[in-house]
Amino acid sequence: LENERQNFDMALALAERARAIEDLLGDPFRGETAARIRLKTLESLGTIRRTQGDYARAEVDLQQALTLAAAQFGEASEEAAEARNNLAVLYKYWGRFEEGLQLYREALGAITALHGEDSLAAAILHHNIGGILHSQGDFAAAEEPGRKAWEISRRLLGEEDPRTMLDAAAYAAILDGLERYEESERLYRRALAIFERAFGPRHYEVAATLHNLAAVLAARGHYAEAEQHYRRALAIQEELLGAESPDVARTRNNLGSLLDRAGRPREAVPLLESAVAVLEKRLTPGHPH
C-alpha cells in the first residue's frame, strides 16, 4: 500500500521488517504459503530499491526471489516467470540490456505456454521487451512488441484503463524513436489526462509521462511548453525519489539540454553537471544515459 501511495521510504522499512520477521521464524516458516510471502517481500524490496536507484541491493533481493521461485514452484512456473520479469526490469534500468532481454524472453515463453499469447501477463512482457529494445536504440525492433502489448490490453481492459495507457505511453516512446512525433504526442496527452485522473497529480507515472511529452515538444521546437512539463516532472520526481535518483538526473539532463538549445547556457550547466554526477555513480559505464 505504501509503495502504491509513493511513500517509498516507509514501504522499504515495512518490507525490511517483514523480512526480519521471516528470518527470525526460521525453519518452521516453510512450505508453499511461506514461499509466497517471502517472494512478495523480496519483490517489494527489490522493486522499491530499483525505483530509488539502489540497483546493486535490488539485484540481491530479486536474484533471491528468482532462486526461491524456481526451487519452490519450478523453472517453468508463473512465479518464476514473474521473478525473471522483475529482475529483467532492474537490468533494463541498470543498462544490462542483453541480460534483461534474455530473462524477458524466457519469461514470455513460460507465460505463453501457461496462458497463451492473448493474456495480460503476455502483454506485460511484450511491453517490457519493447522497452528494453527502445533503451538499446533499436526502435524498429521495439515497434512490434510495443504495439502488441497495447493491442492486447485494449482488447482485454478497454481504451481508458490506466493499465492500457501504460502500454500506450510505452508505445509512444517507441514512436518517438521512429520520429513519429504527432502520433506520440497525442498518446502522451491522452495518457497524462488518464493518469492524473486515476493516480492524482503527483505520481511517478504522471512525472514519467510529463517528461516524455516534454521531450516530444522539444523535438518539435515548442520549447516553452516543454520546459514547463520538464520542470513539473522534476518537482514530482525530486519529491518522490530524492536528488540522487537516476530518473531525477535524466530529467535534469534533458531540461539542461533544452535550456542550452534555447540559448540559456548559464541555467543549463548546473543541471547537466548534477545529472552527470548522479549517473556516473548509479549506472553502468556503458549505459546510453
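Helices α6 and α7 pack with their axes 8 Å apart, at an angle of about 155 degrees. That angle makes α6 roughly antiparallel to α7, a term for angles over 145 degrees. This is a predicted model, in which local features need pLDDT of at least 70, side-chain atom pairs count only at pLDDT 80 or more, and totals for chains, interfaces and linings use all residues. Residues are numbered from 1 along each chain as its sequence is written, and side-chain values use heavy atoms, without hydrogens and water.

**Helix α6**
- Helix α6 covers residues 120-135 and reaches 22 Å from its first C-alpha to its last.
- Its buried residues (under 20% relative accessible area, 1.4 Å probe, protein chains only) are Ala 122, Ala 123, Leu 125, His 126, Asn 128, Ile 129, Gly 130, Ile 132 and Leu 133.
- Among the elements covering the buried residues of α6 are α4, α5, α7 and α8.
- After α6 comes Gly 137, with a positive phi near 85 degrees.

**Contact of α6 with α7**
- The α6 side of the contact (heavy atoms within 4.5 Å) includes Leu 120, Ala 123 and His 126, and the α7 side includes Phe 139, Ala 141 and Pro 145.

- Beyond its neighbours within four places in sequence, Leu 255 is in contact with residues including Glu 227, Tyr 230 and Leu 271.

Note on methods
Helix = DSSP H or I, 4+ residues; strand = E, 2+ residues; numbered from the N terminus. Expected span 1.5 Å × (residues − 1). Buried < 20%, exposed > 50% of the residue type's maximum accessible area, 1.4 Å probe, protein only. Axes fitted to C-alpha atoms, helices over the stretch in contact; angles between N-to-C directions. Parallel < 35°, antiparallel > 145°, perpendicular 65-115°, else oblique.
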